[in-house]
Amino acid sequence: MANRILIVDDAAFMRMMIRDILTKNGFEVVGEAQDGAQAVEKFKELQPDLVTMDITMPEMDGIAALKEIKQLDPNAKVIMCSAMGQQAMVIDAIQAGAKDFIVKPFQSDRVIEAINKTLGL
């Protein structure tokens with residue numbers, strides 16, 4: 001069974017890039033969200049195996065969404081995505097329970113490596 005992944009990013013282009021990388025590598029993208037509030041709702045609805053979460057988004061940022069998801073499911077697997085130069089935010093994300101982080105612009109092999117490692121594949 002393919003691992004089910006939720007993609008969260010406020011930029012449609014970034015969601016499309018991640019979706020492309022994942023589907024080419026045999027993962028099932030079960031949903032997409034464009035802000036943290038949507039991410040929490042979709043997580044409840046879809047119960048994905050893993051979430052890729054942008055940090056900087058409108059409405060609710062990725063770290064706030066991560067904290068809410070972790071309250072819903074302490075075992076949730078979330079990989080944060082950030083642009084260069086957001087090291088402090090990455091540290092906050094890891095402390096909040098993120099399993100890993102990937103830096104934009106995405107390198108497809110790094111994305112797959114992070115996902116495989118997080119899912120224990």
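Predicted model: local features only at pLDDT ≥ 70, side-chain atom pairs only at ≥ 80, totals over all residues.
Biologist: How many salt bridges does the structure hold?

Modeller: Side chains of opposite charge can pair when their charged atoms come close. Pairs that meet in this way here include R15 with E32 and E41 with K44. Over the whole structure, the number of salt bridges is 9.

Biologist: Which parts does the pair of R15 and E32 tie together, and how many residues apart in sequence are they?

Modeller: The side chains of R15 and E32 meet in a salt bridge, with 3.0 Å from N to O. Because R15 lies in helix α1, residues 12-24, and E32 lies in strand β2, residues 28-33, the pair ties together a helix and a strand, and the parts are apart in sequence by 17 residues.

Biologist: Is R15 buried or exposed?

Modeller: The partner of R15 in the salt bridge is E32, and E32 is partly exposed at 23% relative accessibility. For R15 the relative accessibility is 10%, and since buried means under 20%, R15 counts as buried.

Biologist: What separates E41 and K44 along helix α2?

Modeller: These two side chains meet in a salt bridge of 3.4 Å, N to O. E41 is partly exposed at 47% relative accessibility, and K44 is partly exposed with a relative accessible area of 45%. Because they are 3 residues apart in helix α2, which covers residues 36-46, the separation is about one helical turn.

Biologist: Which residues are linked with R110 and E113 in a network of salt bridges?

Modeller: R110 and E113 both lie in helix α5, residues 108-119, where they are 3 residues apart, about one turn of the helix, and their side chains meet in a salt bridge of 3.7 Å, N to O. R110 is partly exposed at 26% relative accessibility, and E113 is partly exposed with a relative accessible area of 47%. The network of salt bridges that holds R110 and E113 also links D100 and K117.

Biologist: How far away is the nearest side chain of opposite charge to K70?

Modeller: K70 is found in helix α3, residues 62-72, and K70 is buried yet has no salt bridge. A salt bridge needs a side-chain nitrogen of Lys or Arg within 4 Å of a carboxyl oxygen of Asp or Glu. The nearest side chain of opposite charge to K70 is that of D73, at 6.9 Å.

Biologist: Which residue has its backbone oxygen 2.8 Å from a polar atom of the side chain of K70?

Modeller: Leaving aside residues up to four places away in sequence, K70 touches N75, A76, A96, G97 and K99. Among these touched residues is the one in question, and the backbone oxygen that lies 2.8 Å from a polar atom of the K70 side chain belongs to A76.

Biologist: How far apart in space are V90 and F101, C-alpha to C-alpha?

Modeller: V90 is found in helix α4 and counts as buried because its relative accessibility is 8%. Not counting residues up to four places away in sequence, V90 touches I55, S82 and F101. V90 and F101 are 11 residues apart in sequence, and their C-alpha to C-alpha distance is 7.2 Å.

Biologist: Which residues make a nonpolar surface patch of about 200 Å²?

Modeller: One member of the patch, I94, has its place in helix α4, residues 87-96. I94 counts as partly exposed because its relative accessibility is 38%, and residues of a patch need over 30% relative accessible area. The nonpolar surface patch of about 200 Å² is made by I94, F101 and V103.

Notes
Residues numbered from 1 in each chain as written. Heavy atoms only, no water. Patch = residues over 30% accessible without salt bridge, like charges linked within 9 Å, V, L, I, M, F, W, Y side chains within 5 Å. Areas by Shrake-Rupley, 256 points an atom, 1.4 Å probe, with all protein chains shown as cover. Helix = DSSP H or I, 4+ residues; strand = E, 2+ residues; numbered from the N terminus. Buried < 20%, exposed > 50% of the residue type's maximum accessible area, 1.4 Å probe, protein only. Lys, Arg positive; Asp, Glu negative; His and termini not counted. Polar contact = N/O pair within 3.5 Å; in protein donor to acceptor, adjacent residues only side chain to side chain. Contact = heavy atoms within 4.5 Å.
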